[in-house]
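User: Please take a close look at one part of this model: the place where the two chains meet. Then set it beside the helix packing within each chain.

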Amino acid sequence: MVIEVKDLVKRYGDLIALNHFNLTVKEGEILGLLGPNGSGKTTAINCMLSLLKYNKGTIKIFGENMKPTAYDIKEKIGVVMQDVAVMNDLTVYENIDYFCGLYISDKKLRHQYVIEAMNFVSIEEYAKFTPKKLSGGLLRRLNIACGIAHKPSLIFFDEPTVAVDPQSRNNILEGIKKLNEQGATIIYTSHYMEEVEQLCDRIIILDNGKIIAQGTKDELKAMIATSEKITFEIFDINKEIIDKIKLLDNVIDVNCNDIFLVIRFQKAEHNLTTIIDFLKQEQIDFEKIFSEQPTLNDVFLEITGKELRD
Amino acid sequence: MLTFFKYRFKSLISEKSLMFWSLLFPIILVSFFYLVFSNIGKENIFDTFNVAIVGNKENQLIKTMDEVKYDDIKTFELQYLTKEDSLNLLNQKKIAGIVEIKNNDEYELIINDNGSKQLILEEFLSNYQQKELLINDVLKNNPELLTTNWLETLTFSKDNVSNKSLSEKSNNEMIISFYTVIALSCFMSSFISANGISTIQANISKQGARLSVSPYHKRKIIIIDFIASLLIIISSVITLLIYMNFILKIEFGNHLGPILIICFVGSLVSTAFGYFLSLLFKKKEGLTIAMIIAMTMSWSFLAGMMGPSIKYIIESNLPFMKYLNPVALITDSFYTLYYYDSFAMCLPYLGALIVMFIVFITGAIMFLRGDQYDSI
C-alpha cells in the first residue's frame, strides 16, 4: 500500500473535522475524495502530509509512519495545493526551479525537470512572466508545475480546478491522467462529481468528516435504489397529476422545477414506456425527454439527503 | 542551498513596498532633515541677528549676549530701545526678537515669528538661564567647585549657539536626528524579515505550507531566510550611511569598523523583531505592519529624532527607559562613538541590544518550535 490511514480523528475545538477516517491507496491508483466544502477533504490531506496535528489514528505512507521529519518519504511526495502557492516576485521558471530545488539539488537535472514541468502544463512560453501577469488558468497550471516538477511517485491534488475555465480544467485533468500513466499514485480531492467520475479509479465520499461511501463509480451507483432518472420538458402540469405519477410502479420520487419534471425510478424494465403512456393518457403535452443513469450526486443525495453542492 | 538563498533574497528584495520602507523612506527622511538643518546653518553663518534690548543694559545677560561671536562675527547685534520702538521694529521684522530686562533682573523674550533666528535666541536664553541657576546653586552649596576650569566649561562661545557647519561636531540636535534616522532605518527594515518568515510558515502562508511538505529541513530554511533578511537589512542601512556620508557629506568620524558593528547588531535586533511580530500576529499581516511602523516611529521620537529635548527629559527622569528602546541604543552608540572616539563606551548599549536580540529571537523560536499545526 502507498497510503494506509487508520482510525484518524481530527478535532477543531468541539468540531470533529475527521471522524474515524480510514483510507488505503494502492500503488498506481487514482483515488478521489469527493465531498462538499467543509466535509474534511483538505483536513485529511493536511493530516496525511503531517502539516496538521491530529487527535487519534495512524498514518503510514510507503509503509512508514508519516511525521514532519520523515524527509525520505517527503522526497517522493508532490502536493498541488488548493490555493495557488507561488512566489509573486519570481518568474514562472524561477518559481518552478525554487520549489523543485527543495527536492533536487543537481542544477543540470533540475533545469531539465523544470523545462519538462513547464512543457507538461503548457506554460513554457510564459517562462519569464511573473505570476501577477498570468491569468487564473495559467496560475493554476503554474501551481501544478511547482508541485510535480520533481517527479514524485505520490501526488496530492487538492481541488486543483477551482475557479478554472473549462478548457484549462480539461488540460489539467488530462495532465493528471498522464502523470498516472507515467506511474504516479494520485489522491484527488474535489467537490465536482463529474471530474471525480471521469478521473478516479476509486472514490471515497466524505460528509462532515465521515466516510459515507466508497468504491468504484459503478459500485457506488449500485449502492443506491435509483437506477434511472427521466426528465421531461413540460409546460403545464398540476399537482394532482404529479401525485398520480408518484403512485406509478418503481417511481422513487418526483420533482417539478420550472418546466422540468424529474422522475427517479428503481431498477426495472420499461420505466420510460410506462411514464410516456401515463402522460399521454392524462393528455399532458411534453417537448423533450432525457433519460440518465444515476450520477455521484444522486449517490450523495440518496445517502445524505442533500445535494453535493449544498 | 545557494539556489534557495538566491531565490529567498530575490523574492525579499523584489517587494517594492518593503524596499520603500526600509530604504527609500529613511533616505527621504534624512534628506528632509538635511535640508532643514543646512538652511539653519546657512542663515546663521551669514547673518548677525538684530535683537532689541529693553531695560537695564548693564545686566549680565546683555553683556554676555554682546560678547557672543562666531568666527569673529558678532552673533547678536543689540539695539537698546524703548519697548514701543522695539515692538514697531519687531512688527516690521527688522529685529529677530526683544529681550526685556525687568526690575528684578528677570528677563522676557518677545518674538512674533518661529524662524531659525528666534529658535536660536530662545535656545540661547534657555541655556543661559540653566547655567545661571547652576552657578548660583554651586555658589550656595559647593563654592569650592568654582574654579576657572569649571567655569570655562560653561562658556557660551562654543556649543551653545548652533551655528556651525554640518561637518562640525557641535551640532548636537542635528547629529542626534541623523543618527536616529539610521536607527529608524534598521527597524523599518523589520518589514523584510517579517515578510520573509511569513512565507516560510505553513500556518501563515500557502507558500510556507509548500515548504513544510518538502524534504528540506525546516531549520535550514529558517537559517537561510534569516541570513537573506539580515543581509538586505544591513545593505539598506549601509546604503543610507553611504548616502549620508558621500552625498550629504555628513561626517561619522574615522570609525568604519565600529560603525559596521553597530549597524550589524542593530540589524540583528531588527531581523529578530520582524520575526517575532510576524509570528506573534500570524495571518494578521496588517497588524504586523502597523505595529512595526508604530513602534519604530515611537522609539525614534523618544530617541530624539524630532528634537533632542524629549531624549534629555527621558534621560533625566527615566534613564532606564533608554535600555528598552533599541532605536535610542543605536543612536547613543553612534553618538558616543562620534563624540568620545571610544568604541568601549558603546559596549553597554551594544550589550543591551544583544539582550534585546536574544529576547526577540527566543520569542520567535518559541513560535517556530512546532513542525505541525493545530490549524492552517
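Analyst: A salt bridge here is a side-chain nitrogen of Lys or Arg within 4 Å of a carboxyl oxygen of Asp or Glu. Keep in mind that the model is predicted.

Start with the interface. The side chains of Lys53(A) and Asp374(B) form a salt bridge, 4.0 Å from N to O. Between chain B and chain A the count is three salt bridges. Chain A brings 33 residues to the contact, and chain B brings 28. About 3,000 Å² is buried between the chains. Carbon and sulfur atoms give 60% of that area.

Now chain A. Helix α5(A), residues 136-148, and helix α6(A), residues 166-181, have axes that come within 10 Å and cross at roughly 15°. Angles under 35 degrees count as roughly parallel, and α5(A) and α6(A) are therefore roughly parallel to each other. Their crossing is right-handed. From α5(A), Gly137(A), Arg140(A), Arg141(A), Ile144(A) and Ile148(A) make the contact; from α6(A), Ser168(A), Asn171(A), Ile172(A) and Leu179(A) do. By class, that contact has four nonpolar, three polar and two charged residues.

Chain B next. The axes of α10(B), residues 218-247, and α11(B), residues 256-281, come within 9 Å and cross at roughly 130°. The two helices α10(B) and α11(B) are therefore oblique to each other. This crossing of α10(B) and α11(B) is right-handed. Contact residues of α10(B) include Phe226(B), Leu230(B) and Ile234(B); among those of α11(B) are Phe264(B), Leu268(B) and Tyr275(B). Here the classes are 15 nonpolar, four polar and one charged.

Conventions: Residues numbered from 1 in each chain as written. Chains lettered and ligands numbered in written order. Predicted model: local features only at pLDDT ≥ 70, side-chain atom pairs only at ≥ 80, totals over all residues. Heavy atoms only, no water. Axes fitted to C-alpha atoms, helices over the stretch in contact; angles between N-to-C directions. Helix = DSSP H or I, 4+ residues; strand = E, 2+ residues; numbered from the N terminus. Parallel < 35°, antiparallel > 145°, perpendicular 65-115°, else oblique. Left-handed = near helix turned anticlockwise from the far one by under 90°. Contact = heavy atoms within 4.5 Å. Nonpolar A, V, L, I, M, F, W, Y, C, P; charged D, E, K, R; others polar. Buried area = accessible area lost by both parts, 1.4 Å probe.
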